[in-house]
Amino acid sequence: MADLDPDSPARDVLHRRLTELAERLPAAVAAAREDRDDGLHRTRTTCRRLRAVLVAYRPLVDRERVEPVRDELRWLARALGERRDVEVVGVRLGRLLDEEEPRLVRGPVRRRLATHQRAARRTTGAADDVLDSDRCARLVEAVRRLAESPPWTVRADKRASKVVTKRLRKELSRVADRLDAVPDGEPGARAERERDEAVHDLRKAVKRLRYAAEVARPAFGADADRLTKRAKRLTTALGDRQDTVETRALLRTLADEAEQSGEPTFTWGRLHAREESAAHAVEADLPRLWDAVARDKTSGWVR
């Protein structure tokens, strides 16, 4: 492939990334079907990257032709999400239990967790049907065709230094708006839900920024690479916090089930408190992580 730089047409910069992701998707789907090489996760992240890139750079492509592909990418990622979430939460809770002192593990907690996870996996087995469906196969082919011949707009012919940096600046501003919308940590279940939703929206915005910055790396080198890495650190922290949202919900369910069966609930409550503390730790670190990302908005290259 030809070398890219800030003077390259924006279409060439975006096309490079679309081609990479389109080539990655079939292998990820195949691995997911065979339940190997973390294929389920790779399929979801590839779909998310493709969709985020198409959203962040939508002025460069014809919306009417791209929108159906974006919708199908959202469908596949969501269809596979439930089973993946079950796996992640189970692994996280298992690790938390491993870290507990044996004297603090009261009752048949491991057995109850294992029973719940087996039941959850049975109810999310539809992922296999999704991966084997004609709809999934059509999506993979549609992505291939899109990358092979994107429906460019006139704006795509402009220099990357003008178009790509403008899109990144927009994504940075979007993250800042989502951060400002996160409410203070007031007590109460309703306030907690509102905060969880706001932080989740923030996480989605940061992920889109990160994926948009990945597009710029071949043309902008170290500048785009630095922004990508800083956004990834923030995304990882927010992802850890989102995991605590899922685990805390499951812990409340398991505690209720244990109580109804006459089992001790001490360990479930202790793990819930630990996850709550982990969520607060991420929130306290958000200003530092965002400051690192925001430096790129003032450093000059995305002006």
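This is a predicted model: local features need pLDDT of at least 70, side-chain atom pairs count only at pLDDT 80 or more; totals for chains, interfaces and linings use all residues.
Let's start with the helix pair. Two packed helices are described by the angle between their axes and the distance between the axes. Here the pair is α2, residues 39–56, and α3, residues 63–99. Their angle is about 145°, and the axes lie 8 Å apart. The crossing of α2 and α3 is left-handed. Who meets whom? On the α2 side we have L40, H41, T43, R44, C47, R48, L50, R51, L54 and V55. On the α3 side the contact takes in V66, R70, L73, R74, L76, A77, L80, G81, R83, R84, D85 and E87. Split by class, the residues of this contact are 10 nonpolar, 3 polar and 9 charged.

Next, empty space. Rolling a probe the size of a water molecule over the atoms shows where empty space is left.

Take the largest pocket. Its volume is about 1,400 Å³. It has 39 lining residues, and R44, R48, H200, R203 and K207 lie nearest the centre. Which element gives the largest share of the pocket lining? That is α3, with 14 residues. By class, the pocket lining counts 9 nonpolar, 8 polar and 22 charged residues.

The largest cavity has a volume of about 30 Å³. Its lining is L18, L50, L54, V143, L146 and A147. Two elements give two or more residues each, α2 and α6 (134–148). Helix α6 has the largest share, with 3 residues.

Last, two single residues. R241 sits in helix α9. Is R241 buried or exposed? R241 is buried, because its relative accessible area is 3%, and the cut-off for buried is under 20%. Leaving out residues up to four places away in sequence, R241 touches R195, D196, V199, R248, A279, V282 and E283.

A273 belongs to helix α10, residues 266–298. Its relative accessible area is 43%, so A273 counts as partly exposed. One spacing to finish: A273 and R288 are 15 residues apart in sequence. In space, C-alpha to C-alpha, A273 and R288 are 24 Å apart.

Technical notes. Residues are numbered from 1 along each chain as its sequence is written. Side-chain values use heavy atoms; hydrogens and water are left out. Axes are lines fitted to C-alpha atoms, for helices over the stretch in contact, and angles run from 0 to 180 degrees between N-to-C directions. Helices (H or I, at least four residues) and strands (E, at least two) are DSSP runs, numbered from the N terminus. A crossing is left-handed if the near helix is turned anticlockwise from the far one by less than a right angle, and right-handed if clockwise. Contact means heavy atoms within 4.5 Å. Ala, Val, Leu, Ile, Met, Phe, Trp, Tyr, Cys and Pro count as nonpolar, Asp, Glu, Lys and Arg as charged, and the others, Gly among them, as polar. Buried means under 20% relative accessible area, exposed over 50%, partly exposed in between (1.4 Å probe, protein chains only). On a 1 Å grid over the protein atoms alone, a cavity is a set of points where a 1.4 Å probe fits but cannot get out, and a pocket is an open set with protein on both sides within 12 Å along at least five of seven lines; lining residues have an atom within 4 Å of a point. Grid points are joined across faces, edges and corners, and a volume is the space filled by probe spheres set on the points.
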